[in-house]
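Thanks for coming. I will walk through one model today, and I will define the terms as they come up.

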Amino acid sequence: MTLAHYPTARPEVKSRVLPSRHQQLLAQLGDAVWQLALRFGKRTTIHGLDRLLSTRASRWERFIWLCTFVSAFLGAVYVCLILSQRYNDGNFQTVVDSTRYPVYRIAYPVVTICNRNRLNWQRLDLAKRRFMANVSDALQLKLFETIVGSYDSMSFGHFESFELLRNEPTHQLSHVNFSLVVDFMTWTCDELLTDCKWRHYPYNCCEIFSKRRSKNGLCWAFNSLETAEGKRMHLLDPMWPWRTGSAGPMSALFVRVLINPEKHWPEGQNEKGIEVMLTEPYVWHNSPYSVPANTQTSIEIEPTIYFYDNDTRSVSSDQRQCVFDDEHNSRDFKSLLGYIYMIENCQSECHQEYLVRYCNCTMDLLFPPGQYRSCRSQDLLCLAENNYKLLYSHQPGEEHLVRNNYEGMVCKCFRNCYSLNYINDVRPSFLPPEVVGNSSYVDLDVHFRFETLMVYRTSLVFGWVDLMVSFGGIAGLFLGCSLISGMELAYFLCIEVPAFGMRGLSQRLRKMRRMDIEVTTPTLKLRQNMSSHLEHYVMQLKAEQGPQKATEHFKRWQRQQFAHKHVISK
């Protein structure tokens with residue numbers, strides 16, 4: 001037998017009890033938050049909060065301090081936003097870092113000398129025997145001579161000499177590597193250079209000059225680290241590349257450059273003389289200076305250093321308009337294969353990419369060995385046809401301000417963030433005929449103008465250190481707090497508040513667990529599980545008071561014992 005009791009449903013009471021429980025929970029939560037706030041207000045060092053959260057403060061006093069604190073906080077936020085905008089703008093300032101920086105602290109520039117007539121034409125017959133040994137066709141030999149002659153004055157942007165190959169069967173000589181032919185016929189060191197002196201001390205020119213490629217073709221370079229000979233010199237002489245601490249004529253490099261006009265290509269029409277290029281170490285090419293033959297030429301160098309300090313690394317290369325040589329992940333980083341970042345190397349790589357774009361090949365005489373295919377004889381006419389596109393170069397963005405009548409190359413290249421610039425003054429003086437006699441040469445003297453140089457440093461007007469100092473000053477001015485106050489607030493929010501919440505949650509869970517145990521629904525099995533005192537009580541009531549009275553007593557006892565139980569089941 002199962003005895004069950006079903007209490008009468010009272011929906012109106014239930015609708016009143018549930019909101020009261022929620023209100024009670026909210027009230028408990030509000031009390032807990034207020035107690036936490038009072039606890040924090042007693043020991044905080046943030047000015048104003050101690051008065052706002054004081055237990056003795058009245059409502060009006062709390063209202064006044066709340067308005068004051070909120071106004072100060074909003075003012076601090078507003079000023080911090082202004083400072084953040086100033087930091088994000090990334091404005092720069094350039095100042096003079098040194099006016100007396102000695103020149104011996106920088107490497108002497110790489111001096112590259114090229115004859116305007118690139119080839120020694122007296123070696124043409126030897127070149128034919130070496131590279132056309134099995135060819136007896138007079139037309140092919142003549143074509144070979146024409147192609148070699150077109151290389152005599154060739155440089156990047158001056159491929160018009162290959163126009164001579166129009167309507168010529170250049171594909172017949174596609175098996176000939178004309179870069180090797182030009183290398184064979186170019187001027188040797190003994191044929192081009194003599195009487196070399198470094199700081200008044202005579203040297204063998206072939207020991208201090210090495211042959212290298214450039215955008216002017218094959219030339220001879222002094223103080224270079226790019227060639228195999230220059231690297232060997234660096235291993236043998238730890239002071240290589242050489243430096244000098246002196247200034248003035250004959251204080252650095254002197255060399256006599258032989259023109260040898262009798263050995264030039266007979267059909268050559270370019271002016272006799274040389275081209276001199278001055279570059280920093282590890283720079284592939286720079287615009288050369290033309291020096292006429294039969295002159296005594298003095299080149300005075302005035303170096304200047306521009307550098308950006310390390311704080312400027314926090315802004316992008318596009319914003320600072322320069323690239324550090326180790327900034328390989330920058331999208332503005334572009335350089336020749338195996339070379340560090342320099343604006344000249346970036347421009348050279350850009351020019352080579354245009355060359356590949358137009359003719360699907362590169363002139364390996366003008367660029368270092370790389371990933372692109374070298375131009376063969378049948379590609380030379382393409383260079384002449386696109387020469388006007390390779391002759392001019394434009395800067396990105398200038399099309400809105402500059403009228404350009406020719407299509408050219410657009411290369412986005414920034415300076416290196418450490419840049420050594422040379423301001424050069426070239427002064428040629430023609431030698432009298434009686435001095436020159438039957439020979440033709442150029443006496444070249446390359447030296448520094450002064451023994452010191454200017455150094456300019458560029459830095460951020462408002463760096464991250466200035467930002468932190470300004471934030472600290474604003475926090476102290478408006479809120480009267482410091483970094484320690486911030487740590488107090490962080491500790492309170494990250495440690496004390498979660499700990500308080502966890503303690504309250506654990507207490508609530510324990511309370512609910514006890515309630516679940518107490519509220520477990522009992523089952524009365526009158527024949528099997530009823531306790532002995534209950535059975536005795538019922539039988540006694542039946543005997544003394546009769547069935548009706550016993551039932552009333554039993555129901556009263558049941559209500560007392562199971563007032564909160566809804567179901568008594570089997």
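What follows is a tour of aromatic contacts, charged pairs, a surface patch and a few backbone details.

First, the ground rules. This is a predicted model, in which local features need pLDDT of at least 70 and side-chain atom pairs count only at pLDDT 80 or more, while totals for chains, interfaces and linings use all residues. Residues are numbered from 1 along each chain as its sequence is written, and side-chain values use heavy atoms, with hydrogens and water left out.

Let me begin with the rings. How many aromatic pairs does the structure hold? There are 26 aromatic pairs. Here, rings of Phe, Tyr and Trp (its six-membered ring) pair if their centres lie within 6.5 Å; planes under 30 degrees apart count as stacked, over 60 as edge-to-face and the rest as tilted.

One of these pairs is F144 with F178, a tilted pair with 5.6 Å centre to centre and 35° between the planes. This pair links distant parts of the chain, with F144 in helix α5 (residues 138-150) and F178 in helix α6 (residues 178-185), 34 residues apart. Helices (H or I, at least four residues) and strands (E, at least two) are DSSP runs, numbered from the N terminus. Both F144 and F178 are buried. Buried means under 20% relative accessible area, exposed over 50%, and partly exposed in between, using a 1.4 Å probe and protein chains only.

Another tilted pair is Y354 and Y358, at 6.0 Å centre to centre with 45° between the planes. Both of these tyrosines lie in helix α11 (residues 343-359), 4 residues apart, which is about one turn of the helix. Y354 has a relative accessible area of 8%, so Y354 is buried.

There is also one aromatic cluster formed by Y108, W198, Y201, Y203, F209, F222, W240, W242 and F448. W240 from that cluster also takes part in a cis peptide bond with P241, with omega at about 0°. P241 sits in the loop between α9 (228-236) and β8 (253-258).

Some rings have a charge over them. That means NZ of Lys or CZ of Arg is within 6 Å of the ring centre and within 35 degrees of the ring normal. R256 places its charged end over the ring of Y441, 4.0 Å from the centre. R86 lies over the face of F462, at 5.6 Å from the ring centre.

Next, charged pairs. Side chains of opposite charge can pair when their charged atoms come close. I call it a salt bridge when a side-chain nitrogen of Lys or Arg is within 4 Å of a carboxyl oxygen of Asp or Glu. The structure holds 20 salt bridges.

Take D183 and K211, whose side chains meet in a salt bridge of 3.0 Å, N to O. D183 lies in helix α6 and K211 in strand β6 (residues 209-214), so this pair ties together parts that are 28 residues apart in sequence. D183 is partly exposed, at 33% relative accessibility, and K211 is partly exposed at 30%.

Are R320 and E327 buried or exposed? Both are buried, and their side chains form a salt bridge of 3.0 Å, N to O.

Salt bridges that share partners also join E300, E302, D425, R427 and R449 into one network. Within that group, a polar contact of 3.0 Å joins the side chains of E300 and R449. A polar contact is a pair of N or O atoms within 3.5 Å; within protein, one must be able to donate a hydrogen and the other to accept it, and residues adjacent in sequence count only if both atoms are side-chain atoms. E300 lies in strand β11 (residues 295-308) and is buried, with a relative accessible area of 17%.

Finally, some backbone details. N260 has a positive phi of about 55° although it is not a glycine. N260 is in the loop between β8 and β9 (273-279), and at 13% relative accessibility N260 counts as buried. Q321 has a positive phi of about 65°, and is not a glycine either. Q321, however, is partly exposed, with a relative accessible area of 44%.

One last item: F492 and T44 are 448 residues apart in sequence and 9.8 Å apart in space, C-alpha to C-alpha. F492 lies in helix α16 (residues 483-518) and is buried, at 9% relative accessible area.
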